[in-house]
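Please read the following report alongside the sequence and the coordinates.

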Amino acid sequence: MCGIVGYIGKKNSASKFVLSGLQSLEYRGYDSAGIALLSKKPQVIKQVGRVEGLANQVTDEKADSHIGIGHTRWATHGSPTMLNAHPHYNTDQTVFVVHNGIIENYQELRERLVSEGYSFVSETDTEVVPHLIDFYLRKHKNFFTAFGLAIKDLEGAYAIAAIYDKEPETIYVARLSSPLVIGVGKDEHFIASDATALMDRTKKVIYLDDYEIAAITSDNVSVHNIKEAVEVKRAAEELDYDHEKAELGDYPHFMLKEIHEAPQTIQAAIRGRVRADTNTIKLGGLEAVSQQLKYIDRIVIVACGTSFYAGLVGEYLIEEIAGIPVEVQLASEFKYRKEPFSRSTALIAISQSGETADTIAAIKKVENYGVLTLGVVNAVGSTIARITDAGVYCHAGHEQSVASTKAFIAQVTVLTEIALHLSEGRTPLYKPVLQELLELPDKAKQVLENAPEIEKLAKKYSSYRDFLYLGRNYAYPCALEGSLKLKELSYIHAEGYAAGEMKHGPLAMIDKDFPTFAIACDSELMEKTISNIQEIKARKGPVLAIATEGNKKVSQHADDVIYVPSTLEQLQPLLVCIVLQLFAYYVAVEKGYNVDRPRNLAKSVTVE
Ligand code: F6R
């Protein structure tokens, strides 16, 4: 949700770094982009649309600078226009600011500044920041002081970078509830919303905490906490993973590539953790809290979107395998709920990006209750990975496409491991689930071999305006996730329902123009789902179903069937979801939409 990038160094190569950084952060927003450089005189270049268009405008190498900041925007306040694009600046065009987040009190600040004679050109919340800095600068004549005072006035969430024409040796940054990382190079520093944007240049990073501001020159970073008014000593940390630059290879879209990575994703999530010879699970990330885990009698899972649906699969898994009661809550609701907690509750936060504002707020909410917090996170070193007491990384690698696919597969794999770990081997399911998990990479490969068939069916069903997804038990969260994938990529209205709920309302919608995607793999409840399919057929609703290979019953009722290899019901979501992801992908491609960059969305939702 907006990406910010900056460079300060001894080389005149700011625009090169900023533009390539923005390109790798484009998943955070792609409405408009802009860059500010301080060469002989300040230059601000903006573009509505993609970073590529901005890069085409920044072609004058002689005009490059040793200092620059850039931004790729996901519009919150004001539509994507040149005037609303960042960087924003003061009237004299000496102070330039990029911002990620939401300044909640911007109306009040704007009114205050207007009454002081300031005028505004954009509809954004961000534009108050350069004017506010300007306001304090006139009083205090010192930029760092003015910057700190302006930041103190802001309420909401922000990662901010500012440069000042009269101090072209320094980038000023601030952070509150939005990610910001400083990369340490030789005679140069980089800033970015996400470490992936600077990992090509350095593995040494400094993370800023909430209420911290920093003045960054080419060879120094000085950090202050503005709440406590103290200087903070912060050593650089080494990033402990290799970042593979996202390359499309032979795939037309990142989403298709990432779905096809499912077998390796499952493999990476179980490698070194699941041991077939000894039937053991080793989750290194939970070792430090193993004593506390023994006393946990309630688990609350918090997450958003696709990660929330992975959490729902986790609920079924942990309850059935480990016998611990689990509740899954939307992080955005959980953070405002007034519910009781005890010290024997553990909170599991699930997040691909590790930067989702609502999920971070949910973790912070329980900080004072002595609740053990665990992260199931993909992005290494992200905020959620750092603020939780312990956790298990997903190891899915960088997910580029906005719609989460391989991360969901990794999350469900990790939650299966956590369920097995918590059960301490006390359930008869322990050994079969553990052994079968090791077979899943091969079975996922078999599902992917069916892609041409899924593509054919996606074309057949792509012209409907509505879709119902149905499932029971483990297939229910899959139905919810399948419907989310379809709506976010193809803009088709889709709803996920527990199949048992059909007769309590949704059946009323069914007619020949309202198809159903029924998940009816072999399980104790399959016959009941088949009854639901019959009820839909009796009302002329078209039915596409997923069934287990070799099953003869589902095809007697459904119009079309996609088969997946036989596996334990507890592990079916890992195969079923590949089908649902491919189906949504092919429908969106058929409709001619940008599958990797669905309209109105951004990958990392760092605002409420
Ligand atoms: C949907 C999707 C979103 C994310 C949600 C949470 O395909 O990607 O629903 O799952 O925004 O994001 P993370 O997992 O980064 O916390």
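Helix H13 (residues 406-423) and helix H19 (residues 572-590) pack at an angle of about 170 degrees, with their axes 10 Å apart. That angle makes H13 roughly antiparallel to H19, a term for angles over 145 degrees, whereas angles under 35 degrees count as roughly parallel, 65 to 115 as roughly perpendicular and the rest as oblique. From H13, Phe 408, Ile 409, Val 412 and Thr 413 meet Leu 574, Cys 577, Ile 578 and Gln 581 of H19, where contact means heavy atoms within 4.5 Å.

The model is predicted, so that local features need pLDDT of at least 70 and side-chain atom pairs count only at pLDDT 80 or more, while totals for chains, interfaces and linings use all residues. Residues are numbered from 1 along each chain as its sequence is written, and side-chain values use heavy atoms, with hydrogens and water left out. Helices (H or I, at least four residues) and strands (E, at least two) are DSSP runs numbered from the N terminus. Axes are lines fitted to C-alpha atoms, for helices over the stretch in contact, and angles run from 0 to 180 degrees between N-to-C directions.

Seven nonpolar, one polar and one charged residues make up the contact of H7 with H15.

| Residue | Relative accessible area |
|---|---|
| Leu 113 | 1% |
| Asn 378 | 7% |
| Gly 496 | 18% |

Leu 113 lies in helix H3 (residues 106-115), and beyond four places in sequence it touches Tyr 118, Phe 120, Val 128, His 131, Leu 132 and Phe 135. The C-alpha atoms of Leu 113 and His 131, which are 18 residues apart along the chain, are separated by 7.4 Å.

Asn 378 is placed in the loop between strand E21 (372-377) and helix H12 (383-387). A polar atom of the Asn 378 side chain lies 2.9 Å from the backbone nitrogen of Ala 396. Not counting residues up to four places away in sequence, Asn 378 touches residues including Ser 351, Gln 352, Tyr 393 and Ala 396.

Gly 496 belongs to strand E24 (residues 493-498), and its contacts, again leaving out residues up to four places away in sequence, are Tyr 469, Ala 479, Leu 480 and Ser 483. Gly 496 and Ala 146 are 51 Å apart in space, C-alpha to C-alpha, and 350 residues apart in sequence.

Ala 146 is one of the buried residues of helix H5 (residues 143-152), together with Phe 143, Phe 147, Gly 148, Ala 150 and Ile 151. The elements that cover the buried residues of H5 include strand E6 (95-103), helix H4 (128-140) and strand E7 (156-164).

Definitions and conventions
Buried means under 20% relative accessible area, exposed over 50%, partly exposed in between (1.4 Å probe, protein chains only). A polar contact is a pair of N or O atoms within 3.5 Å; within protein, one must be able to donate a hydrogen and the other to accept it, and residues adjacent in sequence count only if both atoms are side-chain atoms. Ala, Val, Leu, Ile, Met, Phe, Trp, Tyr, Cys and Pro count as nonpolar, Asp, Glu, Lys and Arg as charged, and the others, Gly among them, as polar.
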